[in-house]
Amino acid sequence: DAEVRPLLAAAACRDPRASFARDDAELLVAIVIETLLEAESAQPGSPQLLAWHDLCGALHRGLADAGLPGAKYAGEDVGLARKLLDLFDRWLYALSLQEERPDWVFLRLPRPLDFQQLVPLRRPRADRPEILAGHEEHQRRRDGFRLTDPRMSAREVRSEIDYCIYCHEREKDSCAKGFAEKDSPRYRKNPLGTPLTGCPLEERISEMHTAAREGDFLSALALVCIDNPMAPGTGHRICNDCMKACVYQKQDPVNIPQIETRVLSDVLRIRWGFEIWSLLTRWNPLRFERQHPRPYSGVNVLVVGMGPAGYTLAHHLLNEGFGVVGIDGLKIEPIAEHLIAGPIERIDDAFGAALDERVTSGFGGVSEYGITVRWDKTFLDILHLNLARRTHFRLYGGTRFGGTVTLEDAFDRYGFHHIALAAGAGKPTVIGLKNNLIRGVRKASDFLMALQLTGAFKKGSLASLQVRLPAVVIGGGLTAIDAATELAAYYPIQVEKLLDRHEKLCESAGEEMVFSVLDPEERHIYAEALEHGREVRRERERAAAANDEPDFARLVKAWGGVTIAYRKTLNDSPAYRLNHEEVIKALEEGIAFAEGLSPVEAVPDSHGGVEAVKFTLRGGGEVTLPARTVCVAAGTSPNTTVEKEAPDRFEVDPGHSAFRSFRIENGKLVPAEVTDDLTGAIGFFTSHSSGGRYVSFFGDNHPAYAGSVVKAMASAKDGYPHIARLFAHQLERADGSAQPVWAALTARLDGDLRARVHEIKRLTPTIVEVIVRAPAAARGFQPGQFYRLQDFETLAPEVEGTRLQMEGLALTGAWVDRERGLLSLIVLEMGSS
Ligand SMILES: Cc1cc2nc3c(=O)[nH]c(=O)nc-3n(C[C@H](O)[C@H](O)[C@H](O)COP(=O)(O)OP(=O)(O)OC[C@H]3O[C@@H](n4cnc5c(N)ncnc54)[C@H](O)[C@@H]3O)c2cc1C
Ligand code: SF4
């Protein structure tokens, strides 16, 4: 109560004395206006008149304190209020025209929406009209990989809440329910062709705003958690489907994601805030269908992939009484025991690290390794901990479905009752670019993954991820936008780190030795990076001396910059249509956008590395952009690798490059239709069944839900009841007595799936044999197969500011002993990590 009261008080705060005392000009003006407005219509003796008297008294005292006594504010003369209001009106209007006006929310007016001009742009080069950039005055300085978006202030969020007109009272809350077409089950589309589905989770947004308006953030969060218990995974800079469908279609919509993230963060930040949210995910008095979890039923589900679809599905299934085992091909970092064992009083004590120092946990799929530091990834740690604390949940990282655990293993060896695939969209589209495998050309998603999962962006990391400028990113989606901003932010960090390490090496071994191990091409690249590192250092020193922020975007531009090249116009690009805010933010960081360029060839230099990209120009002609790094972001399709590895288990739908979807009706699999706006009877099952056991699929794996975090979560929310229906009988009878089933399953999986170092043998001064005990991996070994060897960041010691953590090494298995569950890996010692 003591924690929540200040939030309520802040919402109710309309006391002029408080605002005089706090010297808060904006609040004061707001109170004055409000009081004047109310005084106009006040009846004698009404609270409005009392407030008017209070205000007059406060003004008298304020003037007296300022040495200007004697001004007459006749307390009873409410006619004066009208005159003052008129005066205020004019004064505010004049103020709003000032360039240097204060950043007050009520000086901001909703702007009309022009769908063709959502992004402020300029064309900086007369000779290259296809190149677009942001305005100089909008440029934002970025230094590295701390959270780049501090989000709205409490007052700005309040203003957004006040802007909402609480449509649920009239059942017109299109933000949650979408805009249905007239006489059709489909949704209307906006002028950019995006279906206005509203929130795919149908979160009670308007209701949340109503509670938050009163400062009751706790109730607001409970309302959110009815439909979106995994709310830390959504919100600002993640989703905007709700905003697109807001009733304001001709002017700025209500910024719902900002409000949702604020509601969540305000609760998380109070004492025991994490525990309160965590409790709401399990016990929510407002969720009438079921307020608390069922006991464990002994029915176990294997969930493949721990991205938004997988972790949300795991949550819902646990609440239904299933045991859930999650596996993910990525390394998942262990969680500190004390966080699992005991309650957390203050969230910042548990997860306080800045994003450029945070342990990359591996949990959360693309939210962890694709989405950038525009979004606070601490939310993933919060979600991970919440699941890890559940008794009937177990997560195994470094475990690939199809390799380490096959379909047959899951059903026959381990006895899972159901398999749910939430393995994302891992298959990148390959474009017809000549030389698309030469040095310097890579997939954008590979770059983002390498950057984030190796931790190359961290100061203390040994990971070597090399990029050079100029850089060109090919594509027009949000992956292209993210790859471009992260390239531009990473380059200064890379060269600065290189310079630091170079100087240390020279101290101990001498410069000659350092250069002697490089070939002529490497020497040139190395010298260029060192020179750029010195310029970064000088810029840092300049900024420190001038008490300014360093302007690395200027340097990056001078070194050739980062350009996104797209074959159509910006307005046709998926990034613009789906989330133009991300385009605005990228331009603010100095990224350029080139329209109408179709890539033809990556041009190699004399050493075979890329030096330029040739494009054909829309409207005729050719253009060549210099490029020492090229990232291709041409889209992905659902991950159906498991069918390629072990054919004929699943039917594939070639039209959607995905598993064909089915519903189960009267115990039979029936083909289901796929629509692009989540209407119709969606099928959650693949074609596979064995002995009455089925395989379902979710998130980016599923053609109806592919494309975003919130849709991935919606697939889990919409799909879990279909799995529960298959086991309705067992779930209803569950009383927790099946606990031994769970203990036996997890004991077996612990032994099979957790890899442990068995022995290390140094074969030569630079060759080491690492023998690992990993029975499931040994069992699945096939000649020629690679394993990935890496250590945990959480457990790696830090020495003189460097974390002794290795990058994932791809190693062939030298020999395998299936009976003892051992495999041997041969490691050559080279490079820094
Ligand atoms: C760069 C980038 C930026 C994006 N930005 C946004 C954004 O701002 N907002 C938004 O809503 N969406 C964004 N998206 C899309 C969004 O991230 C995805 O739609 C969402 O993550 C899908 O969730 P998912 O759980 O289905 O799959 P994923 O997040 O892809 O998770 C799948 C998981 O399965 C694991 N896996 C794969 N194969 C196997 C296997 N065989 N065995 C075991 N594990 C396996 C993977 O390691 C991964 O952890 C972005 C995507 C990218 C690439
Ligand atoms: S956010 Fe928009 S659609 Fe939703 S309730 Fe508020 S005004 Fe209405």
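Which helices each supply at least two residues of the shell around ligand 1? I find helix H13 (308-320), H20 and helix H26 (709-726). Helices here are DSSP runs (H or I, at least four residues), strands likewise (E, at least two), numbered from the N terminus.

Ground rules first. This is a predicted model: local features need pLDDT of at least 70, side-chain atom pairs count only at pLDDT 80 or more, and totals for chains, interfaces and linings use all residues. Residues are numbered from 1 along each chain as its sequence is written, chains are lettered from A and ligands numbered from 1 in the order in which they are written, and side-chain values use heavy atoms, with hydrogens and water left out.

**Ligand 1**

I listed the 32 residues around ligand 1; Ile238, Asp328, Arg374, Phe401 and Asp700 come nearest. A residue counts as near if one of its heavy atoms lies within 4 Å. By class, I get 14 nonpolar, twelve polar and six charged residues in this shell. Nonpolar means Ala, Val, Leu, Ile, Met, Phe, Trp, Tyr, Cys and Pro; charged means Asp, Glu, Lys and Arg; the others, Gly among them, are polar.

Next I looked up polar contacts, pairs of N or O atoms within 3.5 Å. An oxygen atom of ligand 1 is 2.8 Å from a polar backbone atom of Val709. For Ala309, the distance from a ligand 1 oxygen to a polar backbone atom is 2.9 Å. For Pro308, it is 3.2 Å. The protein covers 89% of the 990 Å² of accessible area that ligand 1 has on its own. That area comes from the Shrake-Rupley method with a 1.4 Å probe.

**Ligand 2**

Which residues surround ligand 2? I read off Cys164, Ile165, Cys167, Ser174, Cys175, Ser206, His209, Cys246, Val247, Val254 and Ile256. Helix H7 (174-177) and helix H8 (205-213) are the elements that give two or more residues to this shell. I count eight nonpolar residues, three polar and no charged.

**Cavities**

I searched the whole structure and found ten cavities of 30 Å³ or more. A cavity is a set of points on a 1 Å grid over the protein atoms alone, where a 1.4 Å probe fits but cannot get out; lining residues have an atom within 4 Å of a point. Points are joined across faces, edges and corners, and a volume is the space filled by probe spheres set on them.

The largest cavity has a volume of about 200 Å³. I find 21 residues lining it, with Ala488, Ala489, Phe552, Ala553 and Glu589 nearest its centre. H20 gives the largest share of the lining, six residues. The lining divides into ten nonpolar, four polar and seven charged residues.

**Backbone and burial**

Is Arg237 buried or exposed? Arg237 counts as buried because its relative accessibility is 7%. Buried means under 20% relative accessible area, exposed over 50%, partly exposed in between (1.4 Å probe, protein chains only). Arg237 has a positive phi of about 70 degrees although it is not a glycine. I place Arg237 in the loop between H9 and helix H10 (241-244).

Glu800 also has a positive phi, near 45 degrees. Glu800 is exposed, at 73% relative accessibility.

In helix H9 (residues 217-227), nine of the eleven residues are buried. Last, I noted that the peptide bond from Leu469 to Pro470 is cis, with omega near 0 degrees.

Note on methods. 1 Å grid on protein atoms, 1.4 Å probe; cavity = no way out; pocket = protein on both sides within 12 Å on 5 of 7 lines; lining within 4 Å. Polar contact = N/O pair within 3.5 Å; in protein donor to acceptor, adjacent residues only side chain to side chain.
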